[in-house]
Amino acid sequence: MKRKSFLLALVSILFFLSACALSPIEKYENFLADMDAETRIEVCLKQISERNPSLYTRGDVKTIQKDLKLLQTDDTEIAIINDSLITVVRTLEGCIKLIDSKDFEKAQADYEFAETLFRTAQAQLAQLRGGAPSV
């Protein structure tokens, strides 16, 4: 009788633990939320669109890149989305340099590329999530 109770308890615990395991998309969303990545990228996009990146934004584009590079995943789709976000931030860093050199035309083209890629990454993330993009 004790053996059956023990096995039942063990199966219950294993079932509970497997139900609590996060999916790769949930882990990635937590990863992004922990560093507030989407909001920080939105702030960078806004300031660069206004051709007025603050000192904070100038430093944050580097920090966001470093933060995103910390991701370790075996999920190909999530890796692609994360690489897209790294490209977005790297492009925004280039935009800041172009704004500083007064090459507004090239900065605008690069900004539009970065914004489009960011929106695409958000849509891909939403599709994996099975819902609307978070903004």
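A residue is taken as buried when its relative accessible area is under 20%. In this predicted model, buried residues make up 34% of the 135 residues in the protein chain.

The fold is quick to describe. The protein chain has six helices and zero strands, so its elements simply read α-α-α-α-α-α from the N terminus on. As for how the chain meets itself, take the contacts with a separation of 6 or more: 68% of these join residues 24 or more positions apart.

Helix α6 covers residues 104–129. Its 26 residues should span 38 Å at 1.5 Å a residue, and the C-alpha atoms at its ends are 37 Å apart, which agrees. The buried residues of α6 are Ala107, Asp110, Tyr111, Ala114, Leu117, Phe118, Ala121, Gln122, Leu125 and Ala126. They pack against three other helices, namely α2 (24–34), α3 (37–49) and α5 (76–100). Just after α6 comes glycine 130, with a positive phi of about 85°.

Next, the empty space. Rolling a probe the size of a water molecule over the atoms shows where such space is left. Here the count comes to one cavity of 30 Å³ or more, and the largest cavity holds about 40 Å³ of space. Its lining is made up of Ile48, Arg51, Ile99, Phe104, Ala107, Gln108 and Tyr111. Helix α6 supplies the largest share of that lining, with four residues. By type, the lining divides into five nonpolar residues, one polar and one charged.

With a relative accessibility of 7%, isoleucine 99 counts as buried, because the cut-off for buried is under 20%. Setting aside neighbours within four places in sequence, isoleucine 99 is in contact with Ile48, Arg51, Pro53, Phe104 and Ala107. Proline 53 lies 46 residues from isoleucine 99 along the chain, and the C-alpha atoms of the two are separated by 8.9 Å.

Definitions and conventions. Residues are numbered from 1 along each chain as its sequence is written. This is a predicted model: local features need pLDDT of at least 70, side-chain atom pairs count only at pLDDT 80 or more; totals for chains, interfaces and linings use all residues. Side-chain values use heavy atoms; hydrogens and water are left out. On a 1 Å grid over the protein atoms alone, a cavity is a set of points where a 1.4 Å probe fits but cannot get out, and a pocket is an open set with protein on both sides within 12 Å along at least five of seven lines; lining residues have an atom within 4 Å of a point. Grid points are joined across faces, edges and corners, and a volume is the space filled by probe spheres set on the points. Helices (H or I, at least four residues) and strands (E, at least two) are DSSP runs, numbered from the N terminus. Ala, Val, Leu, Ile, Met, Phe, Trp, Tyr, Cys and Pro count as nonpolar, Asp, Glu, Lys and Arg as charged, and the others, Gly among them, as polar. Buried means under 20% relative accessible area, exposed over 50%, partly exposed in between (1.4 Å probe, protein chains only). Contact means heavy atoms within 4.5 Å. The expected span of a helix is 1.5 Å times one less than its number of residues.
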